[in-house]
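Here is my note on this structure, as numbered points. Please read it with the model open beside you.

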Amino acid sequence: MIKFIRSFPQRLIFIYVVLLAVFIFLLNGRTIIYKVQLQTLNRIKPESFQPLRDSIEKQSVIDTRKLQDYIFYYERVARYVQPLSGDIFGALGYCYYLSGDVDRADNSFKQAMKLSPEYFWYPYNLGILALQKRNSDAALKYFQLAEKADSEKTLLSIVSSIQIYMPLIFNRNEEPVPWLAERLAEGFHQKNVLLLYSEAFSRINQSQDSAEKKEADELIRKNLSSIRIQIF
Amino acid sequence: MKQTQPLKLWPFFILSFIVWIYCFRGFISGKLSLSSDALAYFEHFKFYIDQISRGVYPQWDPTRDGGVPIEFFLRRIGSHNPLFLLIIIFEKCGLTFLQAYLGFLVFYFFLGAIGFFLTAKLFFKDSFYAFISFLLLLFSSLGTRLFDSYIILTFTPMVWFFYFLLNVIQLLSSDQDNVQKIKINLIGCLFTLMVLFNTYLPFYFLTVLLTFVIAGCAVYWRNLAIVFKNLYRFASCHKVFICVWLCILFISFIPGWIFFQEMKKGEFVLPLRQPPGLSQSSLEVDPIWVTKWGIEEDIVYSSAYLSDLRRFKFAVFYLPVFAYLLFFSGMFLKFNRRLVLLFIWILMLFMISAQQLPFYQFLKTHINFFKYFRNLHFFLWFSLLPIFIVFVVEQLKVLKEQWPTEKIQRILWNGMIIGIHITFLIYILTQTKPIIFTFVSIGLSLIFLLGYLSGRPTNQFWLYSAVLLAIIFEAVQVFQFLPVNSGVLKTHSYRYEKPYVKLILPDSQEWSADKEILQSIKSKTNPPSIYMGLKWYNFLNQIIPQENLILQRYIDKKFLIYDRTEALDLKKIDLQNLLKTIVLGTNMALVTAQPGEEKILSALNKLDSHLNEEKNKTKVQIVTKDYGQLEVLNYDVNNLKFKTDFNSMKFVVYNDGYASGWRGFIDGKPLNIWRANLAFKGMWIPEGKHVIELKYGSTGQYWFNYGLLILFLGVFIYLLNGLFKIQYR
């Protein structure tokens with residue numbers, strides 16, 4: 001070991017360590033890397049967000065390859081951009097959900113909620129995912145959190161998300177804010193309904209009657225089929 | 001490695017090439033489309049080879065953007081390279097041009113790979129390490145750039161240059177009498193230099209060479225003193241040879257030099273990439289182009305894709321996982337001189353080509369040719385990639401040399417190798433979305449390294465096979481994703497694939513004019529869309545709305561016969577007047593005088609006003625297929641010959657770009673060609689029967705280019721003959 005330490009300056013690894021130190025401390029390496037990563041993101045950015053836009057507005061189905069491109073892009077955004085914000089994970093979670101990867105979608109929405117606790121749609125989506133998993137207690141918790149969310153701050157977050165959410169809204173002919181507010185109001189209403197479902201389902205879960213449970217399960221399945229995850 | 005018995009390597013090479021061809025079968029067969037710059041280069045080759053096959057050395061392309069000189073595109077490909085003639089041979093063998101071209105590209109890449117093997121063999125003095133280098137290069141993503149870039153055109157001659165250069169250095173370092181070998185290798189250096197300097201940007205190569213020289217001098221300065229001493233002695237004894245060598249090299253610079261001078265005149269522009277405002281040459285690159293994408297962006301971009309190899313696409317820098325394992329395994333080694341040389345070389349090239357680092361900015365300010373670099377990231381592909389491969393293989397060599405003999409130490413070193421592989425495996429599993437053959441390659445790498453370093457497998461066949469499999473398994477799977485992510489089915493013809501050297505005259509005299517358009521045109525409205533073209537054609541292209549193809553419709557009327565002319569001052573262009581001529585077809589050509597010709601122009605304008613006073617209000621006459629007074633006699637890309645029989649003096653506008661290189665003749669006597677309607681050629685033609693001839697470029701220039709083709713071919717044949725003699729003497 002002593003022999004190795006003595007010969008350290010003659011070894012290649014020594015040069016790498018020195019160069020790394022020069023790069024980080026003398027050349028302000030972190031800033032350089034950040035700049036480079038942003039340039040890279042511009043190149044990775046999908047050519048068009050129209051399919052994703054259509055999926056949000058018209059609930060149309062996205063081609064799998066295109067969806068993978070969006071996931072790839074948002075994953076890199078989440079990796080490179082600092083400081084992180086909820087919209088990045090919101091968009092990522094939405095794409096994961098569309099691709100059928102519910103676990104990753106769940107994690108992303110949790111991350112998004114952590115970064116933007118006042119945003120309505122993240123706990124709302126988490127509640128829906130919990131209901132889909134028949135986890136009524138968790139759903140109840142998330143819908144209660146959604147109830148506490150601030151609609152004004154939610155709207156403000158959307159319009160200030162210039163890089164993530166606005167490209168998904170921007171080409172609308174009409175003013176985006178009334179449209180967003182309308183969707184949000186619908187979301188709040190929907191949340192109230194889902195909150196009631198969750199409470200009821202939670203109570204039924206505690207009962208011993210299996211027939212009642214089955215009936216409740218069927219009811220939830222039917223109602224959930226028309227409810228979709230939304231990010232704004 | 002112990003050479004117990006010589007192993008024939010050619011089956012391994014053939015197998016490697018077959019696997020490579022299999023990986024890119026979709027692109028090689030032409031089913032999948034070429035992409036990006038590769039498409040543009042296909043066009044340049046197609047045009048050039050078509051014309052050369054017809055016995056015409058092209059100087060002008062009348063089909064591109066209103067007519068452009070072709071020199072820029074020929075300098076891009078380095079038109080005098082005799083190996084391009086292979087495309088003609090392939091075509092003569094019955095292949096289509098696309099098949100012949102793709103076959104040539106593959107051949108050229110394989111030639112580069114073989115050159116790399118031979119260079120590595122000289123460097124390592126061992127075939128095994130050279131073979132590993134060859135495989136890593138062949139199965140890196142450099143090969144993918146055949147189908148989306150033109151890097152290979154620089155890479156192959158550059159590799160061969162270094163092969164000949166290393167040979168010369170080694171021969172000059174020894175005391176043996178190697179005169180013939182030195183001469184042949186110097187001719188090899190000459191030929192590759194000629195090919196490299198024949199392109200419009202030899203500066204990439206010059207930078208690589210310069211950094212090599214600096215690194216070499218820094219590490220081997222004592223040995224180089226002997227080399228230079230012996231070189232001086234050789235030059236003193238072979239003065240004629242050296243003089244001829246230098247003369248030929250000088251001659252090969254001439255096309256590039258003339259081209260650079262031409263581009264300084266400002267007659268031609270590259271509007272998409274030129275910096276705004278004044279620049280010394282049209283070849284200067286807007287800094288935005290450079291700072292948008294450098295080598296560091298290429299690395300980060302590639303790393304994004306390498307974390308999920310299923311997304312592998314064009315321009316992603318990929319090296320088989322085996323290379324990284326060699327790199328990490330050698331990180332703890334004591335460095336030797338060769339590692340230092342390679343390291344300094346890599347470091348210098350990296351610092352030069354990383355535009356975010358201050359070194360690049362410094363060099364750009366102080367070194368003139370840095371302003372011509374548009375693609376700094378190319379250094380990653382044709383220099384850093386091969387040097388890095390040699391570096392990691394050298395590490396393997398050093399690892400083998402430094403491998404301990406004591407048992408405990410050996411166990412420790414084996415542990416280190418295993419540890420590195422396991423760490424790498426954990427990284428792959430946790431940080432990326434791995435593909436199955438990455439695991440297979442890591443496993444094979446571990447088995448190979450442990451076995452090879454302990455010296456257990458003595459059978460060379462198994463060693464070569466093991467390393468072949470460790471490298472190609474992953475690469476083959478990765479390359480299968482390229483067509484999925486970047487492959488586009490070729491559904492339409494590329495430019496020039498359909499017959500194009502035809503002068504088609506319109507059927508009717510009809511001139512459909514859009515009067516409303518005149519109201520909307522006030523200044524430049526369209527973004528530049530021409531890559532390289534004539535300055536004033538580009539101006540027209542930017543002011544005339546593109547929606548109704550007005551400019552194209554105007555150009556399609558190849559000949560226009562005017563009765564009247566008016567002077568057009570380029571410093572004060574009356575746009576409305578100009579557009580009346582181009583959009584509405586008024587019977588008034590706008591003629592611009594070159595400096596010193598103003599008085600002649602004024603006199604001619606007065607003369608035709610006097611002669612054609614009555615025809616003031618009529619429309620311009622379009623030469624149609626059945627127009628009796630003008631008949632085309634001969635047409636190729638450089639020349640046009642036609643005869644006229646007018647009843648009064650006319651001003652004929654030939655709607656093909658005006659450039660100062662055009663010369664006109666009327667009945668064999670010089671005829672002045674004027675800039676007409678801002679961007680086109682015009683000429684006054686008297687009444688009666690006349691034969692007019694228009695030619696682009698001087699006869700001297702034309703034959704000089706042919707002479708250069710013969711010179712390049714001659715040097716190449718001489719080189720092949722010399723190499724053959726050395727091999728079989």
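**Notes on strands and interface**

1. Start with one residue pair: Arg675(B) has Lys681(B), in β15(B), as its bridge partner. Strands β14 (residues 674–676) and β15 (residues 680–685) of chain B run antiparallel and are joined by 3 bridges. Strands here are DSSP runs of E with at least two residues, helices are runs of H or I with at least four residues, and both are numbered from the N terminus. Two strands pair if DSSP finds at least two bridges between them.

2. Ground rules. This is a predicted model, in which local features need pLDDT of at least 70, side-chain atom pairs count only at pLDDT 80 or more, and totals for chains, interfaces and linings use all residues. Residues are numbered from 1 along each chain as its sequence is written, chains are lettered from A and ligands numbered from 1 in the order in which they are written, and side-chain values use heavy atoms, with hydrogens and water left out.

3. The sheet that holds β14(B) and β15(B) is open and has 7 strands. Its order is β6-β7-β14-β15-β11-β5-β8 in chain B, and the pairing is mixed. At the edges stand β6 (564–567) and β8 (621–622) of chain B; each has a single partner strand, so one side of each lacks a neighbour in the sheet.

4. Axes are lines fitted to C-alpha atoms, for helices over the stretch in contact, and angles run from 0 to 180 degrees between N-to-C directions.

5. Chain B also has an open sheet of 5 strands, in the order β9-β10-β16-β12-β13, with antiparallel pairing. The edges are β9 (630–635) and β13 (669–671) of chain B, each with a single partner strand, so one side of each is left without a neighbour in the sheet. From one strand to the next, the twist averages 30°.

6. β9(B) pairs with β10 (residues 639–646) of chain B over 5 bridges, antiparallel. Here Glu631(B) stands opposite Lys643(B). β10(B) and β16 (residues 688–696) of chain B share 8 bridges, also antiparallel. Lys643(B) has Val691(B) as its bridge partner in β16(B). β12 (residues 662–666) of chain B pairs with β16(B) over 5 bridges, and Phe665(B) stands opposite Glu693(B).

7. How many residues meet between the chains? In chain A, 29 residues are in contact with 33 residues of chain B (heavy atoms within 4.5 Å). The buried area is about 2,800 Å², of which carbon and sulfur atoms give 63%. That is the accessible area (1.4 Å probe) lost on putting the two parts together, summed over both. Leu12(A), Tyr16(A) and Arg43(A) lose the most area on the chain A side, together 22% of what that side buries.

8. The rule finds 2 salt bridges between chain A and chain B (a side-chain nitrogen of Lys or Arg within 4 Å of a carboxyl oxygen of Asp or Glu). One of them links Lys433(B) and Glu75(A), with the closest N and O atoms 3.5 Å apart. On chain A, α2 (12–26), α3 (29–44) and α5 (64–80) each supply at least two residues of the side that touches chain B.

9. Check two backbone points in chain A. The peptide bond between Gln82(A) and Pro83(A) is cis, with omega about -5°. Pro83(A) sits in the loop between α5 and α6 (86–99) of chain A. Asn28(A), in the loop between α2 and α3 of chain A, has a positive phi near 55°.
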